[in-house]
Amino acid sequence: MGKTLLKIENLNATIEGKSILKGINLEIKEGEVHAIMGPNGSGKSTLASVLAGREIFEVTDGHVEFMGKDLLSMAPEERSREGVFLAFQYPIEIPGVSITNFMKAAVSQHREHKGLEPLSPSEFLKLMKEKKELVEIEAKLANRAVNEGFSGGEKKKNEVFQMAMLEPKLAILDETDSGLDIDALRIVANGVNKLKNSENATLVITHYQRLLDYIVPDVVHVLYDGKIVKTGGKELALELEEKGYDWIKKEVQV
Amino acid sequence: MALKNQISKEDFLAVFRDEPINTLLGTNGDNGNGLNFTTIDFPNKTEEEWRHTSINKILQHRFGLGKTVSLDKKTVDLFTIPGLDAYRLVFINGYYNPDLSDEIEKAGKLLVKSSAKVKKEHPEIFNKYYKSTDLGSENFFTTLNTAYATNGSFIYLPDNAVLDKPVHIINFSDGQDSKTISQYRNVFYAGKNSKAQIVNSFHSLTVNYTLTNVATEIIVDENAFLNFNIFQGEGDDAFQMNHTKVFQHRNSNFSSHTITLCGAIVRNDIHIKHLDEGCETNLNGLYLPDREQHFDNHIFVHHAKPHGTSNQIYKGIIDNKASAVFLGKVLVDRDAQKTLAAQSNRNVLLTKYAKVNSKPQLEIYADDVACSHGSTTGQIDKEALFYLQSRGIDRRNAETLLLSAFLSDVIENIQVEPLKILVKLLINKRLKGEKVEGQCSMIEACHGCDPID
């Protein structure tokens with residue numbers, strides 16, 4: 001059994017006074033893949049956003065420990081440098097900033113945080129090339145402005161590419177499968193799988209079971225109305241696919 | 001209705017009337033040249049053109065005619081644009097410095113000289129183009145310039161002349177001995193099929209109250225290409241009024257880049273008139289007022305003939321309690337069919353005190369034209385900021401990246417490559433709040449920009 005990476009205890013969060021997360025408990029260890037499934041509006045994306053540090057959500061109760069540190073007290077950039085990565089459900093378009101410049105700034109701040117020397121321009125380009133091949137992203141994409149005019153598939157591939165560049169300890173994939181055709185889904189999942197090792201972990205947030213055929217989870221949680229109402233193995237995902245979320249809703253109400 | 005401590009028009013003008021001055025106009029004063037200061041008053045906020053720009057702060061000071069200040073080449077070199085090989089014309093406090101300048105006079109009368117010299121040596125050329133664009137008495141300051149300017153830059157390109165290097169006109173202001181007013185009257189004539197690039201930069205040598213009053217007349221003849229760059233980096237107590245008037249002939253191409261990085265109150269007017277068919281005009285601007293600075297850009301493009309094209313793209317970042325004005329007007333006459341005109345003004349306000357007044361205007365009398373205009377003012381995109389931060393980039397760096405990106409298309413449009421590189425560098429330093437030796441102003445005249453946060 002690996003060390004605990006992430007420990008969430010009784011996490012409560014609101015947006016504009018509306019309660020979204022109502023006491024989440026979750027523990028993720030090194031080497032594990034967890035999936036969180038749930039109907040729309042259950043709080044899946046809110047959980048991802050709170051972990052990444054999006055300011056519009058207010059944490060009203062609870063505690064999150066990441067590698068022994070208090071995650072919630074850190075700024076979003078610190079969380080990233082400590083090893084948390086959020087693949088956005090809707091990646092943001094940033095006109096005028098090239099992916100190369102974006103990653104140069106990010107990698108240099110990550111290295112500085114770890115006390116490493118900055119990469120030389122040629123080392124950096126080598127790293128870019130290596131990671132682009134790993135996630136099968138077209139070379140020319142890197143010269144374009146971040147996500148500007150990208151197709152849905154390109155945006156998600158770009159997220160996985162950034163993940164490859166930053167080598168996080170914990171990758172949170174927020175509905176990375178939504179809007180992807182089967183080929184793009186396979187490429188994205190392949191990239192994620194290649195980056196997996198015994199020292200990092202992946203939290204896959206999804207509405208559909210489809211992605212979990214490619215990124216096979218160790219643990220599946222069902223989130224409903226701001227709480228984790230069921231936890232099981234990968235077969236739970238199949239059961240959900242078959243019976244639908246109404247089954248969970250009924251079970252919770254009983 | 002003079003405010004407290006505000007000097008009167010008579011007092012303001014006294015310095016020019018006390019002693020005889022040898023002006024470009026030839027006669028001393030405003031009599032008999034259609035310039036009558038009894039009917040021309042200081043601009044005030046009841047006039048549409050000056051509604052958002054008050055000159056009260058300027059009128060707190062009694063400006064005198066400054067002295068020419070000796071300057072060594074080393075100091076001037078601080079203000080050259082790295083990597084720019086150019087013909088230089090250097091002026092201090094309105095006075096020409098021939099020792100630090102590279103004059104040109106070639107067969108066929110290609111001229112790059114001071115206006116006063118051209119007036120003396122080539123009166124036929126001077127008289128043909130000076131005051132030929134009807135720039136004269138638009139307002140108090142252009143009238144003042146016409147009446148009392150003693151020098152400036154004169155560039156004359158005969159037909160088919162192509163300048164092998166850009167001309168860099170460097171204007172220094174220095175109010176060390178007294179509050180100084182400097183006036184420049186520039187005349188640029190680009191003959192048929194000629195081509196040139198001109199950079200006019202403004203800098204302060206000391207931190208003192210100065211007023212720089214510039215009027216530039218530009219005539220672009222048939223099929224000529226002229227690219228004009230205004231770089232404003234005077235100190236925090238420097239006022240500047242800068243009025244450019246451009247007459248374009250058939251199929252000519254005029255482009256400008258107005259880069260305003262520093263100054264107390266800076267007002268830029270660029271007025272364009274298409275005198276014939278097929279003219280193209282591209283006007284670009286970027287401005288970054290800080291503290292309580294106030295930068296105002298007024299543009300007027302007059303499409304008087306068919307098949308003309310004009311584009312305006314102005315972008316600004318307004319920090320602290322600073323303010324900016326953009327007023328761009330496009331007038332399309334009934335004869336100016338097939339005109340293509342686009343105007344865009346975008347602003348980012350960094351604080352809740354920062355202010356911008358933006359007013360793009362179209363006035364169209366032709367029925368077969370394609371004209372567009374747009375204006376946006378907003379804050380830094382919070383979602384984009386979070387996205388960058390979520391990748392480990394700290395807030396300040398993320399903001400710098402986003403703001404540089406916001407300005408990038410206007411910067412990329414700059415045609416003089418070394419100027420483009422310098423502007424990129426200075427804006428990056430500006431956003432990070434780093435001081436720069438030279439380039440904008442002498443370090444003594446530089447309060448340093450505040451970092452954004």
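Biologist: Which residue forms a salt bridge with R54(A), and how far apart are the closest N and O atoms?

Modeller: A salt bridge is read from the distance between a Lys or Arg side-chain nitrogen and an Asp or Glu carboxyl oxygen, with a limit of 4 Å. In this predicted model, the partner of R54(A) is E383(B), and their closest N and O atoms lie 2.6 Å apart. The rule finds two salt bridges across the interface of chain A and chain B.

Biologist: How many residue pairs are in polar contact between chain A and chain B?

Modeller: The count is 16 residue pairs, both residues being at pLDDT 80 or more. On the side of chain A that touches chain B, the elements giving two or more residues are α2 (76–82), β6 (84–87), β7 (94–98), α3 (99–113) and α5 (152–166). The largest share, five residues, is that of α3(A). By class, this side has 16 nonpolar, seven polar and five charged residues.

Biologist: How is the size of an interface often given?

Modeller: One often quotes the accessible area lost when the parts come together. Here chain A and chain B bury about 1900 Å² between them, with 62% given by carbon and sulfur atoms. In chain A, E77(A), I92(A) and Q109(A) lose the most area to chain B, together 25% of what that side buries.

Biologist: In what order do the four strands of the open sheet in chain A stand?

Modeller: The order is β2-β1-β4-β5, with antiparallel pairing. Strands β2 (18–29) and β5 (69–70) of chain A are the edges, each pairing on one side only. Two bridges join β4 (residues 57–66) of chain A to β5(A); E65(A) has D70(A) as its bridge partner. Helix α1 (residues 44–52) of chain A lies across β1 (4–15), β2 and β4 of that chain, at about 110 degrees to β1(A).

Key. Residues are numbered from 1 along each chain as its sequence is written. Chains are lettered from A and ligands numbered from 1 in the order in which they are written. This is a predicted model: local features need pLDDT of at least 70, side-chain atom pairs count only at pLDDT 80 or more; totals for chains, interfaces and linings use all residues. Side-chain values use heavy atoms; hydrogens and water are left out. Buried area is the accessible area (1.4 Å probe) that two parts lose on being put together, summed over both. A polar contact is a pair of N or O atoms within 3.5 Å; within protein, one must be able to donate a hydrogen and the other to accept it, and residues adjacent in sequence count only if both atoms are side-chain atoms. Ala, Val, Leu, Ile, Met, Phe, Trp, Tyr, Cys and Pro count as nonpolar, Asp, Glu, Lys and Arg as charged, and the others, Gly among them, as polar. Two strands pair if DSSP finds at least two bridges between them. Contact means heavy atoms within 4.5 Å. Axes are lines fitted to C-alpha atoms, for helices over the stretch in contact, and angles run from 0 to 180 degrees between N-to-C directions.
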